[in-house]
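Hi there,

Here is the structure I promised to pass on. Have a look at it first, and my notes follow below.

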Amino acid sequence: MTTQTSTPNTPATSAANTPTGLIRIPPHTGRALATGGSALTIISTFLPWTWTSEFPGDLTYYGYPGGLQVLVLIAGTLTTLLTLSSYGTRGLRWLTPAGADAAIKLTALAAFTTTWYTLLAISSQLGGIVHLEPGGYLAAAATLLALLGALALPFQRPEPDPIDPDETRWAHFKHNAGHTWQTIKAAFTSGTPRAVPPLSSYAEILIIVGILALALVVFTYGIGTGYDELFVGFLITAGFGFAALNKSGLVAQASHITARHQNITVCGAFIAAACFPFTQTDDQYATLGVYILIFATVALGLNIVVGLAGLLDLGYVAFLGVGAYAASLVSGSPSSPFGVHFPFWAAVLVGAAASLIFGVLIGAPTLRLRGDYLAIVTLGFGEIFRIAVNNLDGTSGPDLTNGSSGISSIPDLTILGFDLGVPHDIAGFTIGRFANYFFLMLAITAVVVLVFRRSSDSRIGRAWVAIREDETAALAMGINGFRVKLIAFALGATLAGLAGTVQAHVTYTVTPEQYLFAGTTPPNSAFLLAAVVLGGMGTIAGPLIGASLLFLIPNKLQFLGEFQLLVFGLALVLIMRFRPEGLIPNRRRKLEFHTEDDAPTVLSKTGA
């Protein structure tokens, strides 16, 4: 008996190949609805959404968007510009080198989600929709209209795979659900971006400056969100907005331009970061900035071990602790049994050297292991370090680390007579204590980035990549695997110890509880590894961005209380599900997660 699995016919096949939208509205009508709805969205942000100023942001003014209205205004403006570009409007075609429709859907979704979230928050906090003004109703209707129009934009629907009609209902349900998901993915798929038009070097450098300035503005706005609702709205708008720019092809073109001027881009990024303290009126957010830099620097060191050499290290935070303890013991703390006060450069060398020695001592007997076995050994080292410093209190062991009380009252650093612990006036700006340490950590981060770039492009860096891809083949080609892995382990430990010396002075106190495998507050080994994987293994920008997000988001989600880690974990699962190669992936690694159609045709150097 022969089972018929499909009965295609010419009209059905022709109809399936005809581009249509998710919503059965004529494409020209849908585009007009998206354009008109986005324009009305812009207008609605200049109207009051509520009559009382009790809701954070004070959305009661005419002609002056405030709070969450600013985010809706940005999303509505992007949607309007993209829809006008889809009409071929002169002067706006450069916005959509890969096509406009997928980007329009994402920006319309950003405006809709942020608007309706705001209106629901107003109704929930103030006691009902009676507290909404006509501007709020107009915003709800306009964003819904724009979203419906965007979802009506045509795309090429995938043809369903054949299935045996005699299959069970569950098999048919899974088949239909899979086809529905493939259809939704196709609706948000964009084309191949056009090549970057020929530009002069000066024009490309100006574009890089504009990109870095935009990044500084976005980061400053995100870190400075003053209340919970605004930060959630910022995450929604920024997430969908970046995805829309990626689908439009602008991110690909920007990456192409920055790749031509890597040294200028890196230098410009550090200059933009150095401008951050000057955008703040106090030291509040500089505190977050310096902790983010410490976390990011340690993550970048771990990226050498995990991203380049492929060694899974689950106890890496212990090297940060070794550097912090070593520096605190020689920095003049009254809790130190040595009673010495080394200058800054000597304390840095002591912290880095101590971490280097521990890295060699731990790596030498264990790096002959591979995979899960190496991960278990490094996890054990991390726990042994924490328990050991907790027991060196004069009772359970020698009086060296003061046990669970740690090394306290660590004095501030003084570099060439410049006391980092007191505010200083620079060009009319008052730079506080944490801003001083921010500049110091920025310099150390620059050193770590330089070490990462030079090592990844060197012969030893290529050997790391060979070991990561296939250790057996690398050994067969004559690479000394043990020596290469030990160098990676020792270098990563040294960079972590370097950051630990500054962390000890920033926090004033070093205790064993700061160096756990996992906890609610980074840095810990689990968060460090997540920062590398989330950002993109083997790259420079990936761990820096991943560490920034992993430190900032939990800090801003504290209003969720006991559900904070649940929401945070779900967000990580979704990101890894839809972006497994990381936010800023290495092109070689991207090949592992995408089909040949999506893969880049030209491979770049690892770490570029």
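Let me start with a question: does Leu498 count as buried or exposed? At 14% relative accessibility, under the 20% cut-off, Leu498 counts as buried. Please keep in mind that this is a predicted model. Leu498 sits in helix H18, which covers residues 481-507. Setting aside neighbours within four places in sequence, Leu498 has contacts with Val348, Ala352, Ile444 and Val448. Pro523 lies 25 residues from Leu498 in sequence, and their C-alpha atoms are 15 Å apart.

Next, a helix pair. Helix H11 (residues 284-308) packs against helix H20 (residues 541-556) at an angle of about 135°, and their axes are 8 Å apart. The two helices, H11 and H20, are therefore oblique to each other, and the crossing is right-handed. On the H11 side, the residues that meet H20 include Tyr285, Leu288, Ile292 and Phe295; on the H20 side, those that meet H11 include Leu544, Ala547, Phe551 and Lys556. By class, this contact between H11 and H20 has 14 nonpolar, three polar and one charged residues.

Finally, helix H3 (residues 68-86). With 19 residues at 1.5 Å each, H3 should span 27 Å, and its end C-alpha atoms are 27 Å apart, so the two agree. Among the buried residues of H3 are Leu71, Val72, Ala75, Thr79 and Leu82. Their cover includes helices H2 (27-44), H4 (101-126), H7 (201-223) and H8 (228-248). After H3 comes Gly88, with a positive phi near 80°.

Terms used
Residues numbered from 1 in each chain as written. Predicted model: local features only at pLDDT ≥ 70, side-chain atom pairs only at ≥ 80, totals over all residues. Heavy atoms only, no water. Helix = DSSP H or I, 4+ residues; strand = E, 2+ residues; numbered from the N terminus. Expected span 1.5 Å × (residues − 1). Buried < 20%, exposed > 50% of the residue type's maximum accessible area, 1.4 Å probe, protein only. Contact = heavy atoms within 4.5 Å. Axes fitted to C-alpha atoms, helices over the stretch in contact; angles between N-to-C directions. Parallel < 35°, antiparallel > 145°, perpendicular 65-115°, else oblique. Left-handed = near helix turned anticlockwise from the far one by under 90°. Nonpolar A, V, L, I, M, F, W, Y, C, P; charged D, E, K, R; others polar.
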